[in-house]
Amino acid sequence: MKKLNHPEIATNSIPHLTCSPILFFYSFLLSIVKSIHNGIDYMTCILLNFLCGLCVLFEKERIFELTLFMKTYVFFFKPETVEVVLSSSNLIDKAGFYNFGHPLVGTGLITSSRKKWQYRRKLLTPTFHFRILEDFLPVFSYHSHILISRLRELEKDSWIDVVPLINYCTLDIICETAMGVKINAQTGEGKDYVEAIHEASAIIVSRVLSPWLHPHFLFRISPSGRQFYKKVDLVHSITRKVIKQKKSEMIENNKQIQKVGQIANDVTLNTKHRRAFLELLLEHHFKDPSFTEDDIREEVDTFMIAGYDSTAIAISWALYLVGLYKHVQDKIQEELDEIFKGDDEREIERNDLLRMKYLECVIKETLRLYPSAPFIAREVKENFKVLNYEVKKGTDCFIFPYRLHRDPESFPDPEKFDPERFFPENLTGRHPYAYVPFSAGPRNCLGQKYAILEQKSVLAHIFRIFEVTSRDPRDKVNVTASFLSRNLEPIMLRFTPRNRR
């Protein structure tokens, strides 16, 4: 590899790195040697560390360009450069590799472009209104109680990989809030659906990192491609079945099919009844039949797949970090004890969540160190300027939150876990694009309020009951750089019932 085109030499050329593909094939082979089953995970871990190193190398230039497999990528890891991309109403098209997810989630809100995205965004924004999200609090509590009961069943002083437990909990939550159905993943049901989502998602990541599988026809005939479409068919069949059942229920509940027109026009229908995301989409379908059942399936699958896994890994990282720092855990529990007065049976209400100021800072600091999406990628449709450089049409912009959130100019001592960074008095003067765990600008994450409420609720339930201890220090738990900031090694925790004095 060689470093070229420094700004002092060519002010209009982005600092460039030509990287031989041999390096990445070497990384791939190294990952296979380490673990046949986790080769892609090791490869993405190596890739993440490699890119972090490049950010250090180009610290003064504040931006760099990488050519890999005949494709050019520009990396943004400083707040002022990130702002140029995320705040733009023109740079809203996702990078091409997101297309690999189309067979699974279609072109829903996350993967759609331009007019379709604008239409879906406008349609879906009201469904995430805080008053609607409040209706989900009993769902959060119900499934959190099941998680608590499972943690109570653990052997005394045993260590457990917490990620699978949290995954099943958040999957149960999102299935009920998104589709209005219980799949009971925490009690062992819905196993096929769970495995199908995980396997299909893993194959997408593997395909992104395997250029020989990028052509559709080659992927389709490959073993991983055949397995992928098998899992996609299973996920879609379950979603379609639920949509049809829910549609029939809604029609039946309103007595006669001919009243469908009234259903569509009565926006206050069933306001006293908790409505799932799917029901809200069906109401729009009744009003506008051009919004088809396939359109509904796209959005439900998008919300399901993008929502449950990212929330699960965020909760898992929060538990891990708090388990390392007892003084942080003590502050969380002091806040919860003040709110609930030691009554562990009282259900969590909206006002309780609003009072959990310190816990929210803990969640934000967790998402700083381990942002759910380590990368955000956009395709450049027309040339634009950033700093004194020109980014050319056809390149992909990679916003790098994982490194952005470790910028020492914005976050002194960046590797330190310090929730107080997010105290109101410490936010003054911080660049608004220094922290983007849910992206930012016109294409920010529509479900961020949902995600924070869910994380608060699940974590509050756990810390009301348990003392959490983490087994391994942070240098022993590495991060992979797939679509999510996943853990490479298991996150081993111990849950001990609190002994209040």
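I started just after H8, where Gly180 takes a positive phi of about 75°. Helices here are DSSP runs of H or I of at least four residues, strands are runs of E of at least two, and both are numbered from the N terminus. This is a predicted model, in which local features need pLDDT of at least 70 and side-chain atom pairs count only at pLDDT 80 or more, while totals for chains, interfaces and linings use all residues. Residues are numbered from 1 along each chain as its sequence is written, and side-chain values use heavy atoms, with hydrogens and water left out.

**Helix H8.** I checked the length of H8 (residues 162-178). Its 17 residues should span 24 Å at 1.5 Å a residue, and the end C-alpha atoms are 24 Å apart, which agrees. The expected span is 1.5 Å times one less than the number of residues. I then looked at burial, where buried means under 20% relative accessible area, exposed over 50% and partly exposed in between, with a 1.4 Å probe and protein chains only. In H8, 15 of the 17 residues are buried, so the helix is largely enclosed by the rest of the structure.

At the N-terminal end of H8 I found Asp161 as the cap, with a side-chain oxygen 3.4 Å from the backbone nitrogen of Val163.

**Strands around Asp161.** Asp161 also has a bridge partner, Met492 in E13. I count strands as paired if DSSP finds at least two bridges between them. E5 and E13 (residues 492-497) pair in the antiparallel sense over two bridges. The open sheet has three strands in the order E5-E13-E10, with antiparallel pairing. Its edge strands are E5 (160-161) and E10 (466-470), each pairing on one side only.

**Strand E9.** I next looked at E9 (residues 396-399). Asp396 and Phe398 point one way, Cys397 and Ile399 the other way, and all are buried. In a regular strand the side chains alternate between the two faces of the sheet. Four bridges join E9 to E4 (residues 71-76), and these two run parallel; Tyr73 has Asp396 as its bridge partner. E6 (residues 376-379) pairs with E9 in the antiparallel sense over four bridges, and Ala377 stands opposite Phe398.

**Leu280.** Last, I looked up Leu280, which is in helix H13 (residues 277-287). At 13% relative accessibility, Leu280 counts as buried. Leu280 and Met179 are 101 residues apart in sequence and 10.0 Å apart in space, C-alpha to C-alpha.

Conventions
A polar contact is a pair of N or O atoms within 3.5 Å; within protein, one must be able to donate a hydrogen and the other to accept it, and residues adjacent in sequence count only if both atoms are side-chain atoms.
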